[in-house]
Amino acid sequence: MLAKQSIASKHQYSRLRWRLLLSYLAVMLATFGISGLAIYGLFLKSLYHEMDERLGGLADGAAHNLVDVQKRSIDPTQIVTKTEPLPTIPIDSDGDLDISWQSMKLPRQRIEWFDEHRQFLTASGRNFDFVPLQPDLVSAHHPQFYSLTRTVFKNINGKKIVQGYVRVNESVEVLEAELSDLRWILGLGGLVGLGLTGLGGIWLTQQSLQPIQNNLDQLQQFTVDASHELRSPLTAVKISVDVLRSNTAGLLPADRHRLEVISKGIEQIRYLVEDLLLLTRMDGQLIAHEWRLIAVDEVLEDLLDLLASQAQEKQITLKSNLMSYINVNGDNTQLPRLFRNLLDNALKYTPDGGTITVTMQRAKGAVNVSIIDTGMGIAGANLPRVFDRFWRADVERTSGRSGLGLGLAIAQSIARSHQGEITVDSQLNQGSCFQVKLPLA
Ligand SMILES: Nc1ncnc2c1ncn2[C@@H]1O[C@H](COP(=O)(O)OP(=O)(O)OP(=O)(O)O)[C@@H](O)[C@H]1O
Ligand SMILES: [Mg+2]
């Protein structure tokens with residue numbers, strides 16, 4: 001497990017970095033969004049509260065004239081003389097502060113008087129579309145204006161009786177303008193904030209991942225060094241074992257068997273060391289790119305020839321549909337290895353009597369090579385993991401097919417170092433299709 005995690009590729013590391021940064025930005029975006037909405041909501045509430053207070057005061061002022069309006073149907077502008085502000089602080093008979101509505105009214109407001117049957121009597125101020133007085137509505141928002149209605153009562157024999165209604169309307173232009181300003185401020189502020197947060201996020205992720213990056217570099221260096229150091233002794237042991245195996249005349253059968261086991265073990269370790277070295281080098285882009293023009297069909301043809309006898313042994317039919325004159329730029333040892341790993345898998349995981357088909361297709365500026373088998377397939381849940389280092393399906397571990405789980409990781413690394421990509425499509429017990437996409441030369 002530890003090995004699996006620590007030999008995470010540079011690709012996975014950069015994915016982790018992006019994931020961290022994006023999660024951070026998502027959290028900040030949500031925080032900004034919620035704060036913005038809260039500020040907007042509070043501001044809206046306070047604007048309406050202010051409006052209610054303003055219109056309430058005006059309605060109270062205008063309520064004093066309801067009797068006059070009702071009795072004489074006076075032109076409300078005429079009432080000015082009657083309730084002109086007094087020189088001293090005007091307290092009227094009901095004991096409240098008596099400021100005339102004329103001195104409070106703003107040009108964007110309108111006052112309407114209604115009788116006790118909700119019949120319109122008269123109005124003063126700005127003209128809005130008339131809306132009938134709605135029962136039980138104290139305040140209401142209309143397209144053009146906001147309105148507040150006060151019920152005016154009179155006292156008859158100690159009984160409170162409705163005398164009429166005063167409705168005060170105010171245009172919502174100013175309110176809308178203020179809200180629009182606020183939306184701009186919040187929007188711009190949010191954008192600037194998000195930009196700064198993004199920069200901060202990049203810096204933060206860099207800082208927090210630096211130790212991991214350092215470890216990764218050290219591990220990479222260690223793997224390269226260790227693999228390098230292991231190569232020569234392993235080669236020496238292998239040569240010695242091969243010499244022993246070539247002359248087993250004086251050995252007991254049991255010793256001969258032991259020799260075979262040692263030889264196989266060494267071969268496996270050699271593969272592992274080579275694979276690790278290759279993967280680590282590709283991570284660091286250390287590969288010496290002696291790239292040249294490579295005809296894809298020739299590479300595939302050679303591999304199919306090479307694997308023909310293995311396929312025959314398992315009675316597997318090899319089919320191919322290749323296209324000539326399709327060239328890619330690449331490393332002429334790595335590219336064959338990529339396809340070799342995929343073909344090896346197809347052979348390994350297809351039961352006797354199956355079919356393997358290799359096809360080539362041209363796509364926009366690229367070539368697609370598909371390796372399709374009728375083998376055991378891969379469960380959907382496992383598909384995202386097949387390119388992970390050391391991952392093998394559990395059935396495999398038990399059903400005795402040898403392997404380290406590095407073949408696909410290496411193939412994917414080679415494809416990526418050639419600006420290509422391998423994708424897989426598979427159905428359990430039906431077969432798999434590995435598709436390699438490489439840019440054309
Ligand atoms: N064509 C295929 N059909 C079914 N399963 C596959 C196929 N190719 C790969 N797999 C599954 O993906 C796993 C990983 O493949 P990979 O080539 O990386 O490793 P391996 O073949 O097990 O070992 P190695 O290639 O290192 O010898 C395999 O163990 C197998 O479970
Ligand atoms: Mg393999």
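## A helix on a sheet

Which strands does α10 lie across, and at about what angle does α10 run to β11? Helix α10 lies across β11 and β12, and its direction makes about 140 degrees with β11. Keep in mind while looking around that this is a predicted model.

## The five-stranded sheet

Those two strands belong to an open sheet of 5 strands, in the order β7-β9-β10-β12-β11 and with mixed pairing. At the edges you'll find β7 (317-321) and β11 (421-427), and each has just a single partner strand, so one side of each has no neighbour in the sheet. On average, neighbouring strands here are turned by 15 degrees against each other, direction ignored.

Now follow β11 to its partner. Strand β12 covers residues 431-439, runs antiparallel to β11, and is joined to β11 by 7 bridges. For one example, glutamine 427 has glycine 431 in β12 as its bridge partner. Helix α7 (residues 296-313) packs on this sheet too, where it touches β7, β9 (355-363) and β10 (366-373). The direction of α7 makes about 170 degrees with that of β7.

## Where α8 meets α10

Back to α10, which spans residues 407-417 and packs with helix α8 (residues 334-348). Their axes sit 9 Å apart, at an angle of about 145 degrees, and the crossing is left-handed.

Who touches whom? On the α8 side, the contact takes in Gln334, Leu335, Arg337, Leu338, Asn341, Leu342, Asp344 and Asn345. Facing them from α10 are Gly407, Leu408, Ile410, Ala411, Ile414 and Ala415. Sorted by class, the residues of this contact come out as 8 nonpolar, 4 polar and 2 charged.

## Around ligand 1

Ligand 1 has 22 residues around it, and the ones that come nearest are Arg392, Ala393, Gly403, Gly407 and Leu408. The helices α8 and α10 turn up again here: they are the elements that give two or more residues to the shell. That shell is made up of 11 nonpolar, 8 polar and 3 charged residues.

## A glycine in helix α2

One last stop is glycine 36, which sits in helix α2 (residues 10-63).

Leaving out neighbours within four places in sequence, glycine 36 is in contact with Leu186 and Gly190. Glycine 189 is 153 residues away from glycine 36 in sequence, yet their C-alpha atoms are 9.4 Å apart in space.

How values were computed. Residues numbered from 1 in each chain as written. Chains lettered and ligands numbered in written order. Predicted model: local features only at pLDDT ≥ 70, side-chain atom pairs only at ≥ 80, totals over all residues. Axes fitted to C-alpha atoms, helices over the stretch in contact; angles between N-to-C directions. Helix = DSSP H or I, 4+ residues; strand = E, 2+ residues; numbered from the N terminus. Left-handed = near helix turned anticlockwise from the far one by under 90°. Contact = placed C-beta atoms within 7 Å. Nonpolar A, V, L, I, M, F, W, Y, C, P; charged D, E, K, R; others polar. Pairing = 2+ DSSP bridges. Near = placed C-beta within 6 Å.
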